[in-house]
Amino acid sequence: MSYRQVTAGRERLDLLHVLQLSPQSKTPDTVLEWTELHIDSAGIDNLPDSIDRCKNVKELNAASNRLSSLPQSISKLPHLTVLYLSNNAFTTFPIALCDLTNLEVVDLHNNQLSDIPVDITRMKGLRLFWLNNNAFTTIPIALCDLTNLEVLYLSYNQLSDIPVDITRMKGLRIFWLHNNAFTTFPIALCDLTNLEELYLSDNQLSDIPVDITRMKGLRIFWLHNNAFTTFPIALCGLTKLEVLRLDNNKLSDIPVDITRMKGLRIFWLNNNAFTTFPIALCDLTNLEVVDLDNNQLSDIPVDITRMKGLRIFWLHNNAFTTFPIALCGLTNLVMLHLDNNQLSYIPVDISRLTKLERLIMAGNNITHLPPQIRNMGSLTDIDVKGNPLVQPPIHTADRGLDAVKRYFEALADTKAIQSSRVQINFLGETEAGKTSISRTLQLGQSTLTTKADRTRVVEQGTWESDQDIAFNINDFGGHDVYKIGHPIFISTRGLVFITFNLSKYDPEKEGHFQLHIGAWIDKVQAQMPGIQIALLGTHLDEVATPHAVTKCSSITRQLEDHASEKKRWYQAQKETCENKIKEIPEAQASLRQAYQSKAAHLQTLYGQIKPIYEHIFTVSSKTLKGVQELRDYLLSFARTSAEVLPEMWVEAAKNICTKKIEGPENTLGWEVIDDLILQNAPTSWKEKHTQEEKKKTICDILSFLAHRGDIIWFDKSPSLMKVVFHKQEVIVNVLKAVLTHDQGEVSQKLQKSMKITRRKTPKIEEDIFNRGIVSKQAMSCLCEPFKLSTTEIDVMTEMMLKLELCYQVQEDESLPSNTSFHFPWLLTEERQPELNTKWPSKVPPDTRQLTLQVLFPYKCPDGLYEKFSVRQHKHLGLMKTMRMDWKDGVYAELEGCKMQLTRGENPDPVSQDPDWVISIAVRGSHLSDMWRVLMRGHHDLLDIIKEDWPGLSYDKYLVCPHCVREDSEHQPPSTTNQNPEVPAKRKRYCQKTPTLFPGEILDQTSRTASKPRQVPCVNTGVSIPADLVYPPHLAMSWQEGKHNTYLSVLL
Ligand SMILES: Nc1nc2c(ncn2[C@@H]2O[C@H](COP(=O)(O)OP(=O)(O)O)[C@@H](O)[C@H]2O)c(=O)[nH]1
Ligand SMILES: [Mg+2]
C-alpha cells in the first residue's frame, strides 16, 4: 500500500463511471492509489456508486455540483476524514455519512438543510462541521451530542434561540452564529465554558446578560452589526477577552468599568455614534489596535498618551478639522489612519512618532507636508492621495515616500520656488485659428499664419510670463494620428482650448455646434474626464460685437444642453441599474453587487467630469482684441496650480524646455539629460549623494515633468526610460508616417529610400496596405526623412509596441531582422472567405458558442478595437499561424477553443447613428476552457476602456448560446420579440433578437449564494443550463475586508 499523496481531479470521473458499469471488475491500482479526489464543479447530479472503489481516499471534494443525495456506498470509505459538499442541492442530510465514524471535517455549507437526523451521533470523530448558509430555523438537538465537535458553523441560517442541550457540547471551542435572527442573547451559550471564540455579529441583539461572565475562556467575541445603543456592561466581566468587535452599532459612550477588561488587545468601535472620544479607553493600557473609523470625533484628549500599548489606530472618516496633537504622544504607534477628515496640515511633532511605519492621510485638505518627514526613519509608507498638495507636488507624493524624502532633501539644499508651468493645448477643426493665436501669445504681437504654415501636425512653443510662471503651448493640426489618443501628448493637469472660428460659426446651422465644439468636448472628456476645457472663438475682428455676443450666448445655451444631455444619459443608466437591483432575488447577492458597483462607477464617472469653463473667450489674432483677457485667465490658472519646487527642479525644467525650441536633437539621451538636470544643482547637494541617488532624483524630476506635460517619458519601461521625447513633433511625425493610409505617400518614401531595391517595393507596399504588416526594414525606410538614429527608431518602435499600436511577430527565430510589426490600424482587407471552413456562420453540431457583445452608443471609440486586437496577441504567443486578421476582425485558435473578435455597426434603419458593437465569440466543446478565454477577452477589453477611455459609456450583454444556435439553424427568423433585456434601439432593427443576459454577470467577484441551475431563455421560452450563462467562479469567501486581514496578522 502506498502512502504517497495522490490527487485525482475531475477528469478521473470517467474512470469511476466505467467502473460503475461493471461492478464485478477489479479496481485498477491507480484508483487505489488516490488519497485525494477532487470532483468539485464537475456539473454532476450524483456521485457514482463506484465511489467505494477509492478505498484509500482521505479527502473528497465534491463541492459545487448539483448533488442532493449520496450513494450508500460512500460509507465504505474507511479512511475518509475530510469531505467537502458545499454548494450543492441537499435538502436532507445524507444519512450514509453517519456510518463514517472517522470523518473529522464535513463541509455542507450552502445547501438547503433544515434538520439533522439523530444517527449523526455515531459520527464520533467529527471535529469541524460547516452548516452555514442553510435553512435551519432551530438548532437540531442531535447536534448537541457531538461532544467531540470543536468548531461549528451555523451562520447564515434563521436561528433565533439555542436549546439548553447545547451545554452537552463540551468540546466546542469555536462557534459561528453570525447572520441569524437572534433578538435576545441565547443564554444557554453561557454554560459553554470551553468556548474560546463566539461570533454573533449580524443579529439584532441589544443587551448581554451578566451570565456571560461564566464564559471564562472567551478570547474572541464578535458583536458587530447588532442593535446596541449602550455598551453592554456585562462584557466588562470578561477579563480574558482579547478581541471585541462592537462596530456598526449605535454606541456613543463607554463606561469606566471597561478598565476591568485587562486582556483586551483589539477593539473595534468603528461605525458607531461617538462624538467625543471615550476617555475610559485611555486606561486600557494593553490595547494594541483600536478602530474608531466612521464616527464623529473632532478631538482626542491628552490622556490618550497613557495607552502605551497602542500600535494601530484607525480614525478614518471622522470630523477632525485640526490634527489631534495628543496623537503625537503615542510613541509606540506603528500605523495611523486619519484619512477622510478635514485636516489642513500635519504638525511638525509627527516626527515624535519614531516607530510609525504607515501614515494614511488621504482625502484631507493638506497642502504642505512637514519637511521633518524625511527624518522619520521607520516610516515606509505615506498615503496622501486626494489632498491639494503643493509641497511636494501631488505627482511626487504619488511616487512614494522615498521620492518625497528626496524632494525634501533637495529643498534643504536649494531655494524653494512657487513655480508653475502650464501646458496649453489648442484643439479644433483646421483653419480655426489655432496656430495664429498660439504664435500671437508666444510673441506678444499679432501673428497671422499664411497657407504655407499649415502643414505641420503639431507645433510647440513656450511662453514665459515671469520667472516662475511659464507655459508650454501645443498647437495640434488636424490629423488622424491623434485618434490614437491625445492622452500621450496632453497632460491632465493642462488646459484644453477648443478653438473655433467665431466669424464662420453659424448658430442656426444644424450640426455646427456638434462639429466645431460638441464632438471635441465629447472626445476630450471621454479620454480625460478631469481636464479643464475652455472655449476660444477666433477672428473676433471679423465679427461685429453684437453678433459675437449673440453667437456666444447661443453657444452657452448649447453647452448647457450638451451637459444636461450627458447628465440625463448617466442618470438613465443609473436608474436602469437600480431597477435591475430591485428585480434581482435576494439570493443572487453577487449579481446585485455587480450592478451596485456599476451604478457606483457611473456615479464616479459622472462626478469626474470637470465642467467647461463658464466664460467663452473671444480673440482676434489680428487686432489683439480679447488677447489680454485670455492672458489674464492663463496667468490666474497658472497661479492656482503653482507648486513649491526646489530651485534645481525649476532650472532643470527650464533647461529641457529650452531644448524643445533651440536644440537640434530629436530626442534626449541619458547623458544629455544628466547634464541638463544636474547643471544647476548646488555642489553641496552633489557631494552628498551617490550616483544611484542622483539617478533616482533625475527620475523624480523627469517623471514630474512628464506628468506636467513638459516632456514625454515612459518611466515604466527600462529600455524606453533611457530616452526623453522632448519634442512631440518627432513622435507625431513618425506615427503619422507609419499609420498613414495614403499609399502614394508611402510609395514615394519607399522609392526614395536607398535601403531597398525597386523589386521589393511592391511586396512591402502590399504587406502594409493589405495585411497591416510593417517589416523592420520598411519601418526604417518610413522614418528616413526624419533623420533618426537607429537607436531612436528602435525606441520609437518599442514605444509603438508599448502603446499597443502593433504587435511584433518574428517569423524566424534565428533572424531577428525578419521581425515585423502588425498594425490592425492599417488593415484594409475584408474577412477571408476561406475562414468559413474554420468558423462557419452556423454553429457546428458538436460545438457551443459563448458570445459577449459590448455596445457603444453611436460611435466605436477610435483605436479601442485596434488596441484590443493587439492585446490578444499576448495570449497567442509568437505563433502567427494561430491568428488571422482582417479589417474589422480577428480569428484565433487558442487553448482548445476558437475565438472570433469583430467590430461592427448594428444597422439601424430608424436612427442615423447606429450603435457600434465589439463582440467576442468563443466556440469549443469544453465549457470551462471557453469561459476562461471569454472572461480573459472581457477583462482585456474592460481594462483598455479603463486605461484609455475612463469616461466612456457602454453596455454589455451575453448572447444566449441557445439562441445563437437556433438562429443559425432556423432561417428566416420569426418576428415575435418580447425580450425585456433588449435595448429599445436594438429591438427596432433585429427581426429576431436573441435573448440577452446582462453582461454584469461577468463582473461578479464571488460565487452567488445560490446560483440557479437553469435560466430561462425568454425568447424561445425554453430553460437552458445556467453553465451557459454563468461562468464557473472561485469559491465564495466569507472573510473579507481589512479587519480579517489584520486579525490574522495579529492573532
Ligand atoms: N482676421 C483674422 N484672421 C485670422 C485670425 N486667426 C487666424 N486667422 C487666419 O485664419 C486662417 C487659419 O488660421 P490658422 O491659425 O492657421 O488656423 P489653424 O488651422 O487652426 O491653425 C489663416 O489664414 C489666418 O491668417 C484672426 O483672429 N483674425
Ligand atoms: Mg495650424
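Reader: Why is the contact of D888 with K887 called a salt bridge?

Author: A salt bridge is a side-chain nitrogen of Lys or Arg within 4 Å of a carboxyl oxygen of Asp or Glu. In this predicted model, the closest N and O atoms of D888 and K887 are 3.4 Å apart, so the pair meets that definition. Residues are numbered from 1 along each chain as its sequence is written. Side-chain values use heavy atoms, without hydrogens and water, and side-chain atom pairs count only at pLDDT 80 or more.

Reader: What makes D888 and K887 partly exposed?

Author: Buried means under 20% relative accessible area and exposed over 50%, with partly exposed in between (1.4 Å probe, protein chains only). D888 has 21% and K887 has 27%, so each counts as partly exposed.

Reader: How do you know that E150 forms a salt bridge with R127, and what does the pair tie together?

Author: Their closest N and O atoms are 3.8 Å apart, so the pair qualifies. E150 lies in the loop between β6 (128-130) and β7 (151-153), and R127 in the loop between β5 (105-107) and β6, so parts 23 residues apart in sequence are tied together. The strands (E, at least two residues) are DSSP runs, numbered from the N terminus.

Reader: How many salt bridges does the structure hold?

Author: The structure holds 56 salt bridges.

Note on methods:
Chains are lettered from A and ligands numbered from 1 in the order in which they are written. This is a predicted model: local features need pLDDT of at least 70, side-chain atom pairs count only at pLDDT 80 or more; totals for chains, interfaces and linings use all residues. Helices (H or I, at least four residues) and strands (E, at least two) are DSSP runs, numbered from the N terminus.
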